[in-house]
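This short report covers an annotated domain, an annotated site and a sheet. Please view the sequence and the model alongside the text.

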Amino acid sequence: MDAVPTGLFIGGSWRPASGGATFPVRDPSTGAVLARVADATPEDGIAALDAAVAAQEGWASTAPRERSDVLRRAFDLVHEHEDDLAALMTLEMGKPLAESRGEVAYGGEFLRWFSEEAVRIGGDYRTNPEGTGRGIVLRRPVGPVYAITPWNFPLAMATRKLGPALAAGCTVVLKPADLTPLTTLFLVELLRRAGLPDGVLNVVPSRDAKALSEPIIADHRLRKLTFTGSTPVGSALLKQAADNVLRTSMELGGNAPLLVFDDADLDEAVAAAMQAKFRNVGEACTAANRFFVQEGIADAFTAALTAKVGELRVGRGTEDGTTLGPLIDDRAVDKAAGLVDDAVERGARLVTGGQRVDRPGTFYAPTVLDDVQPGSDILTTEIFGPVVSITRFATEDEGIRLANDTEYGLVAYAFTTDFRRGQRLAERLETGMLGLNTGVVSNAAFPFGGVKSSGLGREGSHEGLEEYLESVYVLTPDP
Ligand code: ADP
């Protein structure tokens, strides 16, 4: 593997943090320290913003084809280094190698998609409705962007922001999560090799995200904040962004319902539910959090799903045959365990799992709970772990009511062979995305995002680009 950078990337070069502090990055499957990474200070954060501000005008005025070509070369480089990126991701985050390769494919798509979008930024020319005068609308990049990404998809969460921001002509300061910065740092090195001019992208890993971020967000030269992470942190960042009237894109928490109707194709529903629940060890904002299963199919569904759960192979992500890795840290294991214990105390039936795995690292056994009772914390909390929570329902109306009974609205999954029921669900479920007879919705070509407390804005598709563009309207007299 090429050397993995561990510094800050500011103004086109790698450097240590001012003061020289570093922090450790650990392998969650063993607890071993993998590397030490530069710990950016607030001064480093402002130096990164200085570089982004200095590069903004030049980058905004490059030919769209040039921006497109850089992104396309980055896409090619990501694929050339698929094995390295996947190995890094598995080491620092824990997911099985096959899933890490899946993330390289998915994350890379945002570079390709937005390299294609970069040359299709349009405008408008119209006659005033009164017939006199002409209006011209042009699109400009919003300006320097601060991007904060989470640890669970260290490649894709970065490309989902960098692709559209760079395509639009924005410069960026990126802060990766301190738990998984290595994949992102390697990606940044690939973007450098792809020909990104100095200062266009700057990266500042830091253990103290709050101290680093506050001065950047308060700086009047910053024009946009884009964040993926938890709803409480997103809400705190929105308050800070309000003081500076920043544009924001917020991809926040989820509490995804997964509805299985009596008329579902059982095998298809079970296979898709396994993906919706256990992909990324359940550590995804899109993970199915609450299973609602109609009474007529519930026994068969639970039995078939439990059989599939029994086939999962828990282990280090680097080991052959592993299909379920460790959780990210002890806190995540405690959280999953606490939610399971609470649900069982309130009357849920533990079908399988329900305990930590006795081996080094932060593992929790894949778990199925049936008959989860109203009032259980697991119904209102994002589990972020390999735990299936099943509640039974009788009618379509009841299923929809249960699904919508949450402050979140990122994604929903539904399994039915009745097309018109599918249409009703699409119109009535309070969600930004719906997987209809499928367990994975993420796709660079479509708008990813949520309603309610799950966030603001969309990533992917042409909508993702809009988030980094603003309109300027010019009124002119008759020609
Ligand atoms: P998670 O629970 O998935 O770790 P968080 O919302 O805590 O989600 O973290 C997502 C990202 O936000 C990470 O990069 C983290 O370092 C960063 N972060 C956490 N708290 C703050 C904060 N107060 N200000 C800015 N960034 C933060």
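UniProt positions follow the numbering used here, feature names are shortened, and annotations may be inferred rather than shown by experiment. The model is predicted: local features need pLDDT of at least 70, side-chain atom pairs count only at pLDDT 80 or more, and totals for chains, interfaces and linings use all residues. Residue numbers start from 1 along each chain as its sequence is written.

An unreviewed UniProt entry annotates residues 14-471 as "domain: Aldehyde dehydrogenase". The end C-alpha atoms of this span lie 35 Å apart, and 41% of the span is helix and 20% strand. Helices (H or I, at least four residues) and strands (E, at least two) are DSSP runs, numbered from the N terminus.

The unreviewed entry also carries the annotation "active site" on Glu-251. Glu-251 belongs to strand β11, residues 247-251. Is Glu-251 buried or exposed? Glu-251 is buried because 27 other C-beta atoms lie within 10 Å. Buried means 20 or more such atoms within 10 Å, exposed 12 or fewer, partly exposed in between, with C-beta atoms placed from the backbone. Leaving out residues up to four places away in sequence, Glu-251 touches Thr-228, Gly-449, Gly-455 and Glu-459. Contact requires C-beta atoms, placed from the backbone, within 7 Å.

Now the sheet. Three strands form an open sheet in the order β5-β6-β22, with antiparallel pairing. Pairing needs at least two DSSP bridges between two strands.

| Edge strand | Residues |
|---|---|
| β5 | 124-127 |
| β22 | 469-476 |

Each edge strand pairs on one side only. Strand β6, residues 134-141, joins β22 over eight antiparallel bridges. Leu-138 has Val-472 of β22 as its bridge partner.

Notes: Two residues are in contact if their C-beta atoms, placed from the backbone, lie within 7 Å.
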